[in-house]
Amino acid sequence: MDTSRKIIEVQNLVKKFGHFTANDNLTFDVFGGEIFGFLGANGAGKTTAMRILCGLSKPTSGTLQVNGFDVYTQSEKIKKTIGYMSQKFSLYEDLTVAENIRFYAGIYGIGYRERRKRQQELLERLKMPEIKNQLVKSLPLGWRQKLAFLVAVMHNPGIVFLDEPTGGVDPVTRRQFWELIYESAARGVTVFVTTHYMDEAEYCDRVSIMVDGKIEALDTPRKLMEQHNAQNMEEVFLHLARN
Amino acid sequence: MNSFLGFIKKEFYHIFRDPRTLMVILGIPISQMLLFGFVIRTEIQDVKVAVFDQSNDYMTTRIIDKLESSGYFSVEEYLENTNDVEAMFKKGNIKEVLVFEPGFAEKTLRDGTASVQLLADASDPNIARMVTTYTQNIIRSFEHEEFQQQTVPMQINVQNRMFYNEEAKSVYMFVPGLMAMIMMLVSAIMSSVSITREKELGTMEVLLVSPLRPLQIILGKVTPYLLVAFIDAVLIVLMGNLVFEMPINGSLTLLLSVCFLFIFLSLSLGILISTIAPTQLIAMFISMIGLMLPTMLLSGFIFPIENMPKVLQWFSAIMPARWFNDVVKDIMLKGSGFFSIIKEVAILTGMSVLFVVVSVKKFKIRLE
Amino acid sequence: MITIKNISKSCGKVEALRDVSLNINQNEIFGLIGPDGAGKTTLMRILVSLLLPDKGSASMGGVDVVKQYRQIRKIVGYMPGRFSLYHDLSVEENLNFFASVFGTTVEANYYLVKDIYQQLEPFKTRRAGKLSGGMKQKLALSCALIHKPEVLVLDEPTTGVDAVSRTEFWDMLGKLKQSGITIFVSTPYMDEASRCDRVALIQGGEIMTVDQPARIVEQYGKRIWNVKSAETYRLLNDLKAWESTTSVYPFGQYLHLSVDESTGKEDIIAYMQSQNHEPYVYEGFSIIEDVFMDLMGKQ
């Protein structure tokens with residue numbers, strides 16, 4: 001983690017839908033190479049905030065920069081420098097692995113030679129070069145999730161947003177998935193992740209917990225556990241969310 | 001609460017809370033009716049006709065004048081015989097030939113009736129139909145003006161003869177055809193989609209794992225559509241009658257009973273589709289391509305069955321809508337009673353029973 | 001209460017279940033724990049008579065799930081993986097409908113769902129589609145309970161629901177157990193094992209072990225070291241390369257490390273120092289997930 005380099009800077013972010021305040025005055029920074037956990041109950045406002053950070057929706061007020069670009073005026077530039085992966089949608093199941101890679105490379109304007117190089121590298125990181133020409137739907141769920149992550153960081157984004165990336169994946173694959181995340185973070189990619197697995201929150205460098213549109217806590221998992229006198233992050237979460 | 005009533009109540013909630021469903025069951029019948037109605041009623045103007053007047057008396061002259069002055073027709077030629085009629089039609093200019101029998105006025109006054117034959121080029125049946133109808137109306141109005149002072153009822157016997165399509169049977173064919181189409185739409189498509197929606201949502205799993213029997217689930221799902229489709233049928237008959245002056249010469253009860261039978265049949269088709277289709281989209285596709293298209297094309301709604309190749313005529317015999325069209329036409333236009341339509345009713349009933357039996361058999365009590 | 005004997009089931013080419021046998025006692029909360037694709041849903045669907053097993057047999061309360069399926073459908077309350085509710089019906093209408101399906105009324109068995117339904121009462125006119133995940137889950141549970149079933153079969157009731165709702169949900173299951181209902185529940189969250197009386201760990205269509213969650217961990221018997229340094233990823237690679245390591249993987253803020261028997265804490269510290277890590281090592285305790293991964297490795 002490189003605290004001198006701010007990837008996300010959010011000050012007083014407010015997002016309202018009619019009378020409903022989905023994000024109530026959020027202020028936080030995310031640093032380069034950090035693994036940042038973004039937690040909250042269903043409906044606490046996580047998805048809204050994440051959409052704004054990805055440039056998909058405009059905030060009602062507040063100043064926000066992602067990768068040094070302003071979300072109000074430079075959302076197209078933001079989209080080019082971020083990666084995104086969700087549990088629900090990431091790869092086309094009826095295309096092969098290589099075809100998916102080619103498609104995403106095309107989106108981000110990666111040329112032929114560069115693509116070949118990165119595809120090679122990607123398959124090596126997965127340790128599965130033989131799956132190149134297999135249909136994505138024929139792969140086990142865990143492999144698909146790992147592949148989706150690597151595709152999401154293929155264009156070397158400054159930050160990658162992961163929305164519930166490990167839902168339903170077996171524990172061994174989940175560990176391998178986190179190894180990939182650690183590896184990317186060690187290379188300097190910032191990882192912004194939402195999850196329902198509270199134990200997974202402990203993998204993050206820092207964690208923020210949203211309750212009813214506000215950030216109620218933001219610190220390292222260890223400090224949060226100390227502050228709330230808790231054995232694990234689940235207790236911290238319950239303690240905050242229940243009040 | 002009785003589980004059947006509970007089911008129906010829930011189904012009505014689905015119908016009334018979904019704007020798209022409401023659109024289909026109310027918007028489509030009305031808009032289709034108006035659309036087809038006005039397409040068919042396009043005005044005609046200056047249609048070229050020829051006359052073969054074998055009597056040349058004051059009555060035939062007045063009728064010809066009346067035709068000319070109506071603005072709809074212009075008399076292009078006076079013929080000496082009917083030999084050239086076919087050649088004339090082939091050239092395509094003349095659309096209709098009026099043939100007055102010899103001694104027209106004299107016969108009318110003596111026998112109370114005389115004949116005029118209308119020969120029409122029915123290669124385009126719609127135009128032929130319109131032209132002859134207009135001509136008939138003009139002759140009728142002449143009849144009315146001329147004979148109303150007379151004590152003895154007199155009438156002019158108008159005989160139509162269509163060339164290339166002997167009888168353009170389907171005057172007002174669109175009302176029965178449209179009824180068939182819309183009832184298919186509401187009953188078969190909507191019910192199959194609503195059943196497959198439960199499969200997609202996963203609620204079918206819960207219904208299956210309940211003590212409800214397959215027949216109870218099916219009846220609960222389709223009864224509301226039976227009612228809705230029936231309302232549509234009444235709506236179409238009413239609009240046909242009030243807006244487009246489609247006569248109802250036969251018994252209204254009989255007509256509505258036949259509609260009910262046809263709706264029942266369409267619903268059983270819908271259930272059959274839902275037992276095959278795993279998703280709403282597929283149910284929609286099967287209904288559209290397997291039901292709606294053949295119903296439109298092969299039932300005599302748009303293309304007269306008589307003009308079809310033999311093979312397609314056989315196909316049209318397995319289209320429920322074809323038999324339904326015949327019955328509705330018979331009841332509404334000819335005023336036929338139950339005994340003259342017994343064959344069609346038997347066919348429709350047989351088809352319904354077949355579909356119901358097959359779909360109840362095919363309805364799975366499990367997920368595989 | 002539930003007896004499952006040697007059940008095998010293939011879905012197409014995939015063997016979803018391989019020779020699965022389980023006995024679930026009257027009035028216990030039995031957890032079926034495993035990731036997606038392990039065969040949990042298939043097993044549950046066989047139990048509630050939605051699927052037929054290729055081999056083997058199963059019964060609930062002495063009633064055979066294949067031959068006497070109509071009987072089964074009267075005694076079981078089933079909640080499928082996705083909360084199967086009608087989104088265009090309100091909370092109240094959903095509950096009334098499911099009560100009517102079973103030929104009963106909400107009033108007749110209200111005492112059973114009271115605790116759960118009371119939390120939904122303020123929203124009873126809201127359409128089910130507009131409820132949050134946690135509330136949908138509670139409504140689906142109420143609907144599955146409203147006919148007073150003897151057995152509750154719940155397929156992943158806590159998936160996609162936040163931690164608060166999940167804890168509340170397990171509290172509710174605890175209360176239901178007191179009213180004499182047998183509960184068979186599946187989950188992909190390993191940490192939920194501790195909320196069950198007994199659990200079966202399932203992976204690749206096979207049951208790996210069945211026992212009380214505490215005993216499963218006890219019998220595991222391997223020592224786990226929690227280790228940590230400033231550079232997690234480099235440490236992971238260094239430990240993977242170390243010949244004394246038997247297994248190492250990320251686990252929350254630490255790495256979980258197992259080493260061979262001759263290696264002690266001092267050896268680990270010494271190794272980490274030799275690799276320029278500031279060592280943080282202490283003995284951890286293993287949890288179900290460690291056991292699961294170990295069993296997966298053996299499989």
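**Note on a predicted three-chain model**

1. Chain B contains 14 helices and five strands, and, like everything that follows, this count is read from a predicted model. Of the 368 residues of chain B, 39% count as buried, and among the contacts in chain B between residues at least 6 apart in sequence, 80% join residues at least 24 apart.

2. One helix of chain B deserves a separate remark. Helix α7 of chain B, residues 174-201, is 28 residues long and reaches 38 Å from its first C-alpha to its last, which is close to the 40 Å expected at 1.5 Å a residue. Helix α7(B) is mostly covered, with 24 of its 28 residues buried, and just after α7(B) comes Gly202(B), which takes a positive phi of about 90°.

3. Backbone angles can be checked at two asparagines. Most residues other than glycine have a negative phi. Asn56(B), however, has a phi near 55°, a positive value in a residue that is not glycine, and it is found in the loop between β1 (47-53) and α3 (58-69) of chain B. Why does Asn56(B) count as partly exposed? Asn56(B) has 14 C-beta neighbours inside 10 Å, and the partly exposed class lies between the exposed limit of 12 or fewer and the buried limit of 20 or more.

4. Asn25(A) is partly exposed, with 14 other C-beta atoms within 10 Å.

5. A helix pair in chain A can be described in some detail. Two packed helices are described by the angle between their axes and the distance between the axes. For helix α5 (residues 141-152) and helix α6 (residues 171-186) of chain A, the axes come within 10 Å and cross at roughly 10°. Angles under 35 degrees count as roughly parallel, and α5(A) and α6(A) are therefore roughly parallel to each other. On the side of α5(A), the residues that meet α6(A) are Gly142(A), Gln145(A), Lys146(A), Phe149(A) and Leu150(A), while α6(A) brings Thr173(A), Gln176(A), Phe177(A) and Leu180(A) to the contact. The residues of this contact of α5(A) with α6(A) divide into four nonpolar, four polar and one charged. An α-helix has 3.6 residues a turn, so residues three or four places apart point the same way.

6. Chain C comes to 10 helices and 14 strands, and its C-alpha atoms fill a box of roughly 70 × 45 × 35 Å along the principal axes. Chain C is divided into domain 1 (2-212) and domain 2 (221-287), whose centres, taken over C-alpha atoms, are 40 Å apart. Buried residues make up 49% of the 299 residues in chain C, and residues 24 or more positions apart account for 70% of the contacts in chain C with a separation of 6 or more.

7. Which chains share the most contacts, of the two pairs of chains in contact? Chains A and C do, and their contact takes 30 residues from chain C and 30 residues from chain A. On the side of chain C that touches chain A, the elements giving two or more residues are α5 (133-145), α6 (163-178), α8 (232-241), β12 (245-251) and α10 (288-298) of chain C. The residues of that side of chain C divide into 14 nonpolar, 11 polar and five charged.

8. The contact of chain C with chain B takes 25 residues from chain C and 22 residues from chain B. Here α2 (69-75), β6 (76-79) and α3 (91-101) of chain C each supply at least two residues of the side of chain C that touches chain B, and the largest share, five residues, comes from α3(C). That side of chain C divides into 12 nonpolar, six polar and seven charged residues.

9. For the remaining pair, chain A and chain B do not touch, and their nearest C-alpha atoms are 17 Å apart.

Technical notes:
Residues numbered from 1 in each chain as written. Chains lettered and ligands numbered in written order. Predicted model: local features only at pLDDT ≥ 70, side-chain atom pairs only at ≥ 80, totals over all residues. Domains from an automatic or database assignment. Helix = DSSP H or I, 4+ residues; strand = E, 2+ residues; numbered from the N terminus. Contact = placed C-beta atoms within 7 Å. Axes fitted to C-alpha atoms, helices over the stretch in contact; angles between N-to-C directions. Parallel < 35°, antiparallel > 145°, perpendicular 65-115°, else oblique. Nonpolar A, V, L, I, M, F, W, Y, C, P; charged D, E, K, R; others polar. Expected span 1.5 Å × (residues − 1).
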